[in-house]
Amino acid sequence: MRHLGTRVRTHRLRGLRVRLVVAFALVAAVTATTTGALTFREARTGVLQQSQDTVIVQLRTQVTRLAPALVLPAGRDELRRFASEVAGAEPSGAWRVLVVYRGLEATSVPDDPFEELTPALREAVDSRSATVFQRVNRADHTALVVGMSVAFTSSLSSSWPLTGLQVFLTVPQTTEQAYVDALVTAVERAAVPALALAVLLALLAARGVLRPVRALRHATRSIAEGRLDTRLAVDGSDELAELSHTFNETAAALEESVAELRGMEARARRFAADVSHELRTPLAAMSAVTDVLDEDAAGLDPDTATAVRLISEETVKLARLVDDLMEISRFDAGAAVLHLDEIDLAESLRRTLAARGWTDTVEARLPEPDALRGRVDPRRLDVVVANLVGNALRHGARPVRLDLHEGEGSGAGRRAVIEVLDSGPGIPDDVLPHVFERFYKSDAARSRTEGSGLGLAITEENVRMHGGTVRAANRPEGGAVFTVELPLRRDEPTRDEPTRDEPTREERA
Amino acid sequence: MPRVLLIEDDRAVRDGVALALRRQGHEVAAAETGEDGLNRLLSFRPDVVVLDLMLPGMTGLDVCRRMRALDQTLPIIMATARGDDEDIVVGLEAGADDYVVKPVPARVLQARIRAVLRRAAGAPADGGIPKIDTYGDLAVDRAGLSVTWQGEPVALAPSELRLLLTLSASPGQVFSRQQLLEAVWQHSYHGDARLVDACVKRLRAKLGEPPREPRHIHTVRGFGYRFASR
């Protein structure tokens, strides 16, 4: 379907509509031409046959009637008179007659060159006693030339001895020609409207076919864009209607499967959220008393003290893991909310380091106070930076550096660039594409680390909520670098008397 | 000894938190339900309440509102199990002074309790000259720690009072949320600006400030808040 859609769009000239029109026009043209040609041929033959039969019968009748009066051997004058008489028998006066007798020739009209008479016809009359005729086209008119030998009537012999008298007749076929021309014109005139009608019908048929096809195309695109409740109106019972019906069934099946999948996904997310939440209550009790255990561990025997400290440490880790899980399920459920506030980014980063006690261990290259302000969620920015720096301290090697500067505008306005660099061995190439995946463990032996395995995934989600990007790479001089780019949106200029209430509440990304 | 009323429905959490707090020298009363907690309020007379947000029957929010109605100045720390932004904001707007997200280590809870008690106990950090300042209808008695509006006393929760005292001590000066967080709540948990926003909202409501056109407590977009003495 997509394939067809592409073709329809990219090759308009080879589209269904054009193809249908051309096919219809061809069929109409062939039909009209064939019908016309056959009709023309039959009609022309009929017209001409009838006229020549009439002429021959008339001529024969005249000659039969007038020949006995001609005394043979005859002279030129007798022949001319005979020719005139024969010609005069035709009321319209269109006949021209040539009489030949033993080398003498006479025409009904004086000095008629009788150009229409061909040597072939003359020869045919010479050699045969039958009536011979020929149609001759000369210049712009057609004429019928008839020739016959006159024989004696004999009751004694079966053969009719020739008298040597030959009569030739020329009849112009103007009327017949007009008939034929009219036929040609009629065929021509019929073909053009037929062709036009064919194109019109083709367009109608194309519309009939194309409309459902177009509807199908729109519906398919709509499905592809995620509107799975798209259905086609099925009318009629042709193949296209069947196709629409099948499409609807497919769409329904797809919708059902997707709904089922979404349901399963939602249940899975809920489960993760519920599990995390249920873990919180026992953890709340455990977390409350770990300090008590730690304090008392000093006074216990070594084994018990170790056990107690272990429980205490693991409780802290478990609490962090559950926190991270809750955070991830908030992202998955779309319940995470951005509380945007325009802050001094350098100050925010400084506070993040100070709050974790990293001011002395991390080298910070930050711009001057108030040099770089941006609209971010301070809590989420804190999570991002703390995760990246914590990650560098745990997995990389010191010195760890935190850079903040304004990025060169890569299209979408100003950006703040935060870089966290460490001096460790870097990240193996096969791990690099997966560092932001949840619980991704690069090294089975190192699978139990201080981190929850969710820190970088949470980092990525937080950055994405801000419309920014985060990526990991290795530095050429060794060590890994994590780069966060955040778009630097600013508040509209602050008015003298700002009255807007609660600027940070409920601003969804 | 500071007296802590702990309202928590889960027995293990209740016992654990009570144990940890007692070890740190608090006198602790533990209540299982909101109703029980409200009853203990009068008999036990706590200095601070640690209140679970999700309780069977009467919810933590209802308990918080009822306690505020009974005693405006009692510090309430809300312990939320979900920790979703919505829950925290709703809890703060119901009148809590502070919140912690469970699970919470005992020393964090202890620090928060100490902070709200300091707030409840005393004068603002600047230690200004005790006097009564009037700003239009609003009168702030810095010595007696009382506030009147149009002559009527306004009952403020400790954090609200402290916020008002801090802001009005330097009219016209812009305080960032972080500065207010440190001055009023005395902890600098970075990014907890919601506390400030929620408290400002409550304070404005109690001072009868029109939400769209506040007279005294102005929002400075992108920075924080400042007090206008007009």
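Which helix of chain A gives the largest share of the nonpolar patch? In this predicted model, the answer is helix α5 (residues 174–224) of chain A, which supplies four residues of the patch. The patch sits on the surface and is formed by Phe24(A), Leu197(A), Leu200(A), Leu201(A) and Leu204(A). Together these residues have about 470 Å² of accessible area. Leu200(A) can stand as an example: it lies in helix α5 of chain A and is partly exposed, with a relative accessible area of 49%.

Stepping back to chain A as a whole, its secondary structure comes to 10 helices and 12 strands. The chain has 509 residues, and 39% of them are buried.

Part of chain A is built around an open sheet of five strands, which run in the order β2-β1-β5-β4-β3 with antiparallel pairing. The edges are held by β2 (104–107) and β3 (132–138) of chain A; each has a single partner strand, so one side of each is left without a neighbour in the sheet. From one strand to the next, the twist averages 20°. Within this sheet, strand β4 (residues 141–151) of chain A pairs with strand β5 (residues 162–172) of chain A in the antiparallel sense, over nine bridges. One residue pair in this region is Val146(A) and its bridge partner in β5(A), Leu169(A). Helix α3 (residues 76–88) of chain A packs on the sheet, where it touches β1 (96–101), β2 and β5 of chain A. The direction of the helix makes about 35° with that of β2(A).

Glu461(A) lies in helix α10 (residues 455–465) of chain A and counts as buried, at 17% relative accessibility. Setting aside residues up to four places away in sequence, Glu461(A) touches Phe331(A) and Arg438(A). Glu406(A), by contrast, is found in strand β9 (residues 400–407) of chain A and is partly exposed, with a relative accessible area of 33%. Once its neighbours within four places in sequence are left out, Glu406(A) is in contact with Leu372(A), Arg414(A), Arg415(A) and Leu488(A). The C-alpha atoms of Glu406(A) and Leu486(A) are separated by 9.6 Å, although these residues are 80 apart along the chain.

Now for the charged pairs. A search of the whole structure turns up 38 salt bridges over all chains. One of the pairs brings together the side chains of Glu295(A) and Arg23(B), at 3.4 Å from N to O. Glu295(A) lies in helix α6 (residues 239–297) of chain A and Arg23(B) in helix α1 (residues 11–23) of chain B, so this pair joins two chains. Arg23(B) itself counts as partly exposed, at 39% relative accessibility.

Other salt bridges stay within a single helix. In chain A, the side chains of Arg330(A) and Glu327(A) meet at 2.9 Å, N to O. Both lie in helix α7 (residues 302–332) of chain A, three residues apart, which is about one turn of the helix. Both ends of this pair are tucked away under the 20% cut-off for buried residues: Arg330(A) is buried at 14% relative accessibility, and Glu327(A) is buried at 12%. In chain B, Arg11(B) forms a salt bridge with Asp15(B), with the closest N and O atoms 3.1 Å apart. These residues are four apart in helix α1 of chain B, so about one helical turn separates them. Arg11(B) is exposed, with a relative accessible area of 54%, while Asp15(B) counts as partly exposed at 39%. Back in chain A, salt bridges that share partners join Glu327(A), Arg330(A), Asp377(A) and Arg380(A) into one network.

Chain B also has two backbone features to note. Most residues other than glycine have a negative phi, and most peptide bonds are trans. Arg45(B) has a positive phi, near 50°; this residue lies in the loop between α2 (34–44) and β3 (48–52) of chain B and counts as exposed, at 54% relative accessibility. The peptide bond from Lys102(B) to Pro103(B) is cis, with omega near 0°. Pro103(B) has its place in the loop between β5 (98–101) and α5 (106–121) of chain B.

Terms used:
Residues are numbered from 1 along each chain as its sequence is written. Chains are lettered from A and ligands numbered from 1 in the order in which they are written. This is a predicted model: local features need pLDDT of at least 70, side-chain atom pairs count only at pLDDT 80 or more; totals for chains, interfaces and linings use all residues. Side-chain values use heavy atoms; hydrogens and water are left out. Two strands pair if DSSP finds at least two bridges between them. Axes are lines fitted to C-alpha atoms, for helices over the stretch in contact, and angles run from 0 to 180 degrees between N-to-C directions. Contact means heavy atoms within 4.5 Å. Patches are made of residues with over 30% relative accessible area and no salt bridge: like charges are joined within 9 Å, nonpolar side chains (Val, Leu, Ile, Met, Phe, Trp, Tyr) within 5 Å. Accessible areas come from the Shrake-Rupley method with a 1.4 Å probe; for residues, only the protein chains shown count as cover. A salt bridge is a side-chain nitrogen of Lys or Arg within 4 Å of a carboxyl oxygen of Asp or Glu. Buried means under 20% relative accessible area, exposed over 50%, partly exposed in between (1.4 Å probe, protein chains only).
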